[in-house]
Amino acid sequence: MSEKILLKGNEACAMGAILAGCRHYFGYPITPQTEIPEYFAKHMPEAGGVFLQAESEIAAISMVYGAAATGRRAMTSSSSPGISLKQETISTLSAGDLPCLIVNVARGGPGLGCIQGAQSDYFQSVKGGGHGDYRLLTLAPNSVQEMMDLTILGFELADKHRNPVLILSDGVVGQMMEPVSVPEPVTSFPEKPWAAVGAKGRPKNIINTLHLNAAVCEERNRELQAKYKRIADAELRYEEIDTQDADLVLVAYGISSRIALTVKNRARAEGLKVGVLRPITLWPFPTEALRRLAERVKGFLAIEQSAGQMVEDVRLAVEGRAPVAFHGRSGGVMIQLDDVEADVRKLLGR
Amino acid sequence: MMHEMIFAGFGGQGIMLMGQLLAQAGLEEKRNVSWIPSYGPEMRGGAANCSVVISDEVIGAPVVQKPQLALAMNLQSKEKFEEMVAPGGQFIINGSIVPDPPRRADVRNYVLPLNELAAGLKSAKVLNMIALGAVFEASQAVAEESVYKAMDFMFGKKLASRPDLAELNRKAFQAGREALKKAAQG
């Protein structure tokens with residue numbers, strides 16, 4: 001293994017993209033993700049790729065559409081308000097089966113909100129921020145290493161399923177520095193016979209998302225739903241820590257899962273049986289794992305840097321088999337470890 | 001063992017870089033480290049702080065909420081972080097520009113003349129290296145050799161043609177250590 005280097009989450013994401021063979025980045029600056037375009041501005045020319053600061057977030061995602069349609073690995077990144085602007089084209093990319101990577105280093109909302117890290121874009125990410133019956137394969141890194149690894153994985157999964165992939169990170173993971181071991185560059189890429197790259201000697205490839213005939217549109221939707229079923233079956237990722245004997249399971253993703261881990265460790269030191277379930281993919285969601293745990297635990301505590309979004313999916317998974325409590329802070333204010341600990345004690349009657 | 005620290009001051013005092021150096025020193029020892037800056041509106045108003053964790057265990061929450069050691073390079077930082085220091089922890093104050101005395105009786109306070117020490121070395125730029133020396137001596141979080149390795153790693157290329165500046169950084173680091181030792185005895 002190579003020596004670890006100290007990187008910011010945002011830098012690790014951009015470096016990972018270049019290692020994954022991405023040579024087309026289109027973006028627009030916004031705190032707290034600006035180190036991503038900054039890294040590409042410096043390193044994309046060295047890699048022989050394209051860095052382009054577009055005139056707007058909407059232009060950037062539209063450029064991703066164009067590059068992805070030609071079969072190139074392409075990405076954009078932004079933070080919450082900028083990701084809102086991209087939603088129309090994210091729906092269109094989904095309808096066009098176009099693989100690409102979209103990175104949201106989320107900040108407090110709604111509106112322009114604040115520039116501190118937050119997790120209040122969960123609904124937008126997994127319930128369709130744009131229109132129509134579409135799904136984004138959504139990955140939630142909780143460390144700088146995962147900012148790199150899940151970026152590389154994101155490009156692979158996007159190509160494998162011909163679907164956009166979203167990295168839902170947050171300002172804390174984006175801004176923090178941690179040691180990272182850097183993998184070797186990806187050297188083998190899938191064939192893309194569908195790409196719109198010139199049709200000499202073969203029938204034209206057409207990427208179109210307008211189907212004026214409703215029956216044709218429904219058939220297109222059936223194909224999409226069949227694809228989403230394949231993704232849901234193949235790509236679920238989550239992590240369980242100390243859940244085997246747990247009375248209380250903390251459910252948290254991204255930065256909140258780091259808080260959950262610290263609280264779990266402190267609780268275990270006091271003899272409290274606390275475990276952690278961390279979704280790594282937010283869609284697909286670890287519904288079955290939660291349902292299994294619900295049969296034997298006393299309860300769940302969902303922890304989010306939001307007013308409570310993922311907690312709804314936890315409750316849907318548990319279906320009333322066990323109580324699901326919630327702890328959150330919104331507007332980019334960090335959850336306090338002591339406050340979560342107090343909730344844990346209360347829930348366990350200590 | 002887990003060392004949780006906060007370093008705070010004005011933008012331009014080199015606090016962020018100092019925190020990164022300490023994190024890099026921890027990494028030189030193949031330990032778990034995290035560094036996270038403040039990047040909020042307070043930064044745009046000229047203040048800066050960062051959290052650094054150096055640990056033999058997996059690091060959970062990277063934003064330090066009860067530092068065992070805090071460094072306040074100006075009055076605003078003292079006011080913001082003094083109450084956060086864990087009971088029994090350590091608080092280093094830049095006495096050169098912080099007129100207020102320490103308030104906490106349940107933490108070990110060190111009031112150090114950091115700006116004067118920098119003036120003594122004829123370089124305002126090494127203020128953060130002096131502070132690093134003080135933090136190093138108080139925290140004992142890493143080995144001296146690891147700090148020097150981190151300096152070489154982070155400044156090696158830039159200072160290759162200026163061995164005098166590399167030497168000045170080391171001198172400043174040692175001056176900070178001595179100041180902390182003196183304050184601890186006094």
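In chain A, helix α3 (residues 57-69) packs against helix α5 (residues 87-95) at an angle of about 15°, with axes 9 Å apart. Because of that angle, α3(A) is roughly parallel to α5(A) (under 35 degrees between N-to-C directions). Helices here are DSSP runs of H or I, at least four residues, and strands are runs of E, at least two.

A:I58, A:I61, A:S62, A:Y65 and A:A68 of α3(A) meet A:T89, A:I90, A:T92 and A:L93 of α5(A). Contact means C-beta atoms, placed from the backbone, within 7 Å.

## Model and numbering

The model is predicted: local features need pLDDT of at least 70, side-chain atom pairs count only at pLDDT 80 or more, and totals for chains, interfaces and linings use all residues. Residues are numbered from 1 along each chain as its sequence is written, with chains lettered from A and ligands numbered from 1 in the order written.

## Helix α2

Helix α2 (residues 35-43) of chain A buries A:E35, A:I36, A:P37, A:Y39 and A:F40 (buried: 20 or more other C-beta atoms within 10 Å of the residue's own). Their cover includes β1 (5-8), α1 (9-19) and β2 (24-27) of chain A. It also includes β3 (50-53), β4 (74-78) and β5 (100-106) of chain A.

## Nonpolar core

The largest nonpolar core has 163 residues; A:V64, A:A302, B:I130 and B:V135 touch the most other members. Such a core joins buried Ala, Val, Leu, Ile, Met, Phe, Trp, Tyr and Cys residues through C-beta atoms within 7 Å.

B:V135 touches B:M5, B:L22, B:L69, B:L71 and B:I92, not counting residues up to four places away in sequence.

## Chain contact

The contact takes 20 residues from chain A and 16 residues from chain B. On the chain A side, α10(A) gives the most, with 5 residues.

Terms used. A residue is buried if 20 or more other C-beta atoms lie within 10 Å of its own, exposed if 12 or fewer, and partly exposed in between; C-beta atoms are placed from the backbone. Two residues are in contact if their C-beta atoms, placed from the backbone, lie within 7 Å. Axes are lines fitted to C-alpha atoms, for helices over the stretch in contact, and angles run from 0 to 180 degrees between N-to-C directions. Angles under 35 degrees count as roughly parallel, over 145 as roughly antiparallel, 65 to 115 as roughly perpendicular and the rest as oblique.
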